[in-house]
Amino acid sequence: MFDLKGKVAIVTGGNGGIGLGMARGLARAGARIVIAARDTEKSEAAVRELEALGGAGPLAVRVDVTDEMSVEALAREAADQCGRIDILVNNAGINIRKPAHDLDLSEWRAVLDTNLTSAFLCARAVHPHLQRAGGGKIINIGSMLSIFGLPFAPAYGASKGGIVQLTKSLAASWAPDNIQVNAVLPGWIETDLTQQARRDVPGLHERVLARSPSGRWGNPDDFAGIAVFLAGAASDFVTGTAIPVDGGYSILG
Ligand code: NDP
């Protein structure tokens, strides 16, 4: 149920943070990983790390997930080099922390394009390959802001709310193709993305600790298990859901 040998998984933003945590889990379960991100040095380092885990021939493909042509090229190259695509993790994401009255349209668009439109573009690009493989798995990364609101995250919150609804729509649309589509909603996780937030938002670190039943921030390796579950046969009757992986952060009122 958790064996991914022979499967090929594209992980956008897989060269660091949560994406790399998921890639490590998928590689340990036997999948061949395609790291899809912009920073080639970081991606090559991730590939070397996955190789050391004994993963099946990981590779890096440079992509800008906001660019339709670049995403189409990613799907073509992954399929050409690996022979198939079975799993897509839509993980690439950014945040611009500003209240709506200070946010430029270009900043709004950058966040929506990177976090939401990218998931549509990547899913659409891999869909024929998943069909050809007889089915597949798509894992979209949402956030606690798929559920809650914060004053300084209008675009980020809109993009992550959208991820949950996109997940449901794709799940309904592609169930006849045996493609399961689910979202993962991370809590507060120690990555490059949140390092800046910890610096910028006074008291954030303490508030996260105080509210989390787990009593700690998450780390990228907390996402290995959910990735393997949602990418493998164990989740074949699970589709259209949004699963918090947050140490219990979202259960408290
Ligand atoms: P990181 O900043 O560590 O990783 C973000 C990744 O996205 C990088 O690998 C980056 O690679 C990639 N990326 C960004 N823009 C693009 C682009 N245009 N094209 C291709 N790749 C891109 O952050 P996290 O690991 O924290 O975040 C991963 C996901 O998890 C995001 O969707 C984020 O919103 C979500 N999340 C994170 C939480 C946290 O607490 N950390 C909480 C909730 C959700 P490169 O720069 O090389 O392109």
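Residues are numbered from 1 along each chain as its sequence is written, and side-chain values use heavy atoms, with hydrogens and water left out. Because the model is predicted, local features need pLDDT of at least 70 and side-chain atom pairs count only at pLDDT 80 or more, while totals for chains, interfaces and linings use all residues.

**View 1. Glu49 and Arg24 form a salt bridge.** A salt bridge here is a side-chain nitrogen of Lys or Arg within 4 Å of a carboxyl oxygen of Asp or Glu. The closest N and O atoms of Glu49 and Arg24 are 2.5 Å apart. The pair links distant parts of the chain: Glu49 sits in helix H2 (residues 40-52) and Arg24 in helix H1 (residues 17-28), 25 residues apart. Helices (H or I, at least four residues) and strands (E, at least two) are DSSP runs, numbered from the N terminus. Arg24 is buried, at 15% relative accessibility. Glu49 is partly exposed, at 31%. Buried means under 20% relative accessible area, exposed over 50%, and partly exposed in between (1.4 Å probe, protein chains only). Arg24 and Glu49 also belong to a salt-bridge network with Asp221.

**View 2. Helix H1 is largely enclosed by the rest of the structure.** Of its 12 residues, 10 are buried. Among them are Ile18, Leu20, Met22 and Leu26. Arg24 is on the buried list too. The end C-alpha atoms of H1 are 17 Å apart, which agrees with the 16 Å that its 12 residues should span at 1.5 Å a residue. That expected span is 1.5 Å times one less than the number of residues. Gly30 follows H1 and has a positive phi, near 110°.

**View 3. Lys137 and Asp236 meet in a salt bridge.** Their N to O distance is 2.8 Å. Lys137 lies in strand E5 (residues 136-141), and Asp236 in the loop between helix H8 (224-231) and strand E7 (242-245), so the pair ties together parts that are 99 residues apart in sequence. Lys137 is buried, with a relative accessible area of 5%. Asp236 is partly exposed, at 41%.

**View 4. Asp222 and Arg216 join through their side chains in a salt bridge.** The N to O distance is 2.9 Å. Asp222 is partly exposed, at 28% relative accessibility. Arg216 is also partly exposed, at 41%. A search of the whole structure finds 11 salt bridges.
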